[in-house]
Amino acid sequence: MEEYVFWILSYSLLYFFPGAVPHTTLCHAVSGDTVILPCAIKTSEKLNISNYSIYWQINTSVVVHLFYNGKDLLKDQSRRYLNRTRLFLDQLERGNFSLMLSGVEPADEEVYTCISRNKVTKTKDKYKVKLNVSSPDNQSLERNVSPSGQAQDLPNCPGDAKALDILALCSHFLMVLVVWTL
């Protein structure tokens, strides 16, 4: 029983270390729009981008965009995304691996994963972006109301799931407390 409590407590504490638990960024787009799905690594120097592979995918099988050996490699790209995606090639050496997706459609509402791999250092970074898509008719439902009563557009991207983070944090504490009292 003590090992189980230790395991649960250790796992919960990992949550507090940056990068230990993948963070999902939330984005919103209106059908027909162009959206930028954010993905960036922190770097203080220019990256040798020919050392990097950048994969944008859904699940583990749908290739949204692939950058390999210093160039786009789109022969394995899902037909659904053909001619609709692009990376910011002038920003890659600064660690900006964000993806532009044009002609957004309701079927694009997915969780996208950005994976960057450095073949020299063998480092791998992974980021998740949840894209919510609304129809132009429902755009008015996607607006915030300021304290003065005026409508304000929701930010497109990047946004983040602070409420979901708090909920996850609370559930980890609750789980630890319940196990601790057993």
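Asp108 is buried, and so is Arg84. Keep that pair in mind as you work through this predicted model.

**Exercise 1.** Work out which residues are linked with Asp108 in a network of salt bridges.

*Solution.* Start with Arg84: its side chain meets that of Asp108 in a salt bridge, at 2.3 Å from N to O. Asp108 lies in the loop between strand 7 and strand 8 and Arg84 in the loop between strand 5 and strand 6, so this contact ties together parts 24 residues apart in sequence. Next, Asp108 also forms a salt bridge with Arg80, where the closest N and O atoms are 3.5 Å apart. The network therefore links Arg80, Arg84 and Asp108.

**Exercise 2.** Classify Asp108 and Arg80 as buried, partly exposed or exposed.

*Solution.* Asp108 has a relative accessible area of 0%. Buried means under 20%, so Asp108 is buried. Arg80 has 30% relative accessibility and counts as partly exposed.

**Exercise 3.** Find the salt-bridge partner of Glu93 and describe the setting of the pair.

*Solution.* The partner is Lys46, with the closest N and O atoms 3.5 Å apart. The two sit in distant parts of the chain, 47 residues apart: Glu93 in the loop between strand 6 and strand 7, Lys46 in the loop between strand 2 and strand 3. Glu93 is partly exposed at 30%, while Lys46 is exposed at 60%.

Technical notes: Residues numbered from 1 in each chain as written. Predicted model: local features only at pLDDT ≥ 70, side-chain atom pairs only at ≥ 80, totals over all residues. Heavy atoms only, no water. Salt bridge = Lys/Arg side-chain N within 4 Å of Asp/Glu carboxyl O. Helix = DSSP H or I, 4+ residues; strand = E, 2+ residues; numbered from the N terminus. Buried < 20%, exposed > 50% of the residue type's maximum accessible area, 1.4 Å probe, protein only.
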